[in-house]
Amino acid sequence: MSRNLTADLAADLRNRIVDGVIQPGEKLPSENTLISEFGVSRTVVRSALTRLQAEGLVETERGRGSFALTPPADGPTPAPGTRAVGSMEERLQMLDFRIGVETEAAALAARNHTEHQLKATHGALEQFVASSGHPAHSMKADFEFHRAVAAATGNPFYTDCISALGQTMITMPRPRLVSSDEQDSRRRFEQVVHEHSSIYAAIAEGDPVAAAAAMRLHLSNSRRRFTGSAGN
């Protein structure tokens, strides 16, 4: 019976995360809330969370609670032309793909952007800066910045590509989502802000070479941050 209760609770929470009801970086309901909501014991709740941790869906920090991570590949069937990203290998392949596509997109954005597109990119950057301390908002704002750069190319195929990849293309390292060290988490966030700002500045200055270099550096650093956190 206990195994069935554990499976039922794990399935419910899994669906909430995969369907986006609980966004990456958001805190899951507390143990006491889940006990009350599902009428199960604390042992069942902890067993369900352990199962979700093993699936790479949840990260639990002592004294802080459990947080959702990026959904794995066994989520909803992806739209035609898209591919689910779940394993570490797939996430690294995604970053390698993005380096190729978005480096050129940044160069084109520097060359082709309109004033309206530049303002939209700056607005997305400001939203990202304002998302400090809120991982779920940070992930969305991070994605919107990259989508704004794609739109600034003036080529709709870049926009379609980034939009199709969706927020799961933002491979946030676990410490950025659930780090118990606030100073370390803040340092990581500020580094990404600096990288985004460098991309925007090069685009605003109309410098394709600098924009491409800034984007390549940013995504290469993202890859390094992700592989470093995966080894923790």
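Predicted model: local features only at pLDDT ≥ 70, side-chain atom pairs only at ≥ 80, totals over all residues.
**View 1. Arg 223 and Asp 96 pair up between helices α10 and α4.** The two side chains form a salt bridge, with their closest N and O atoms 2.8 Å apart. Arg 223 belongs to α10 (residues 208–230) and Asp 96 to α4, so this pair ties together parts that sit 127 residues apart in sequence. Arg 223 has a relative accessibility of 28%, so it counts as partly exposed. Asp 96 is partly exposed as well, at 38%.

**View 2. Thr 103 sits in helix α4.** That helix covers residues 88–112. Is Thr 103 buried or exposed? It's buried: its relative accessible area is 10%, and the cut-off for buried is under 20%. Setting aside neighbours within four places in sequence, Thr 103 touches Arg 98, Ala 212, Met 215 and Arg 216.

**View 3. Helix α4 crosses helix α7.** Two packed helices are described by the angle between their axes and the distance between those axes. Here the axes of α4 and α7 (residues 156–165) come within 11 Å and cross at roughly 145°. The crossing is left-handed. On the α4 side, look for Met 94, Phe 97, Val 101, Glu 102, Glu 104, Ala 105 and Leu 108; they meet Tyr 158, Cys 161, Ile 162 and Leu 165 of α7. Sorted by type, the residues of this contact come out as nine nonpolar, two charged and no polar.

**View 4. Glu 31 and Arg 42 form a salt bridge.** The closest N and O atoms are 2.8 Å apart.

View 5. Glu 144 is partly exposed at 26%, and Lys 140 is partly exposed at 43%. Elsewhere, salt bridges with shared partners join Asp 12, Arg 16 and Glu 37 into one network. The count of salt bridges comes to ten.

Notes
Residues numbered from 1 in each chain as written. Heavy atoms only, no water. Helix = DSSP H or I, 4+ residues; strand = E, 2+ residues; numbered from the N terminus. Buried < 20%, exposed > 50% of the residue type's maximum accessible area, 1.4 Å probe, protein only. Contact = heavy atoms within 4.5 Å. Axes fitted to C-alpha atoms, helices over the stretch in contact; angles between N-to-C directions. Left-handed = near helix turned anticlockwise from the far one by under 90°. Nonpolar A, V, L, I, M, F, W, Y, C, P; charged D, E, K, R; others polar. Salt bridge = Lys/Arg side-chain N within 4 Å of Asp/Glu carboxyl O.
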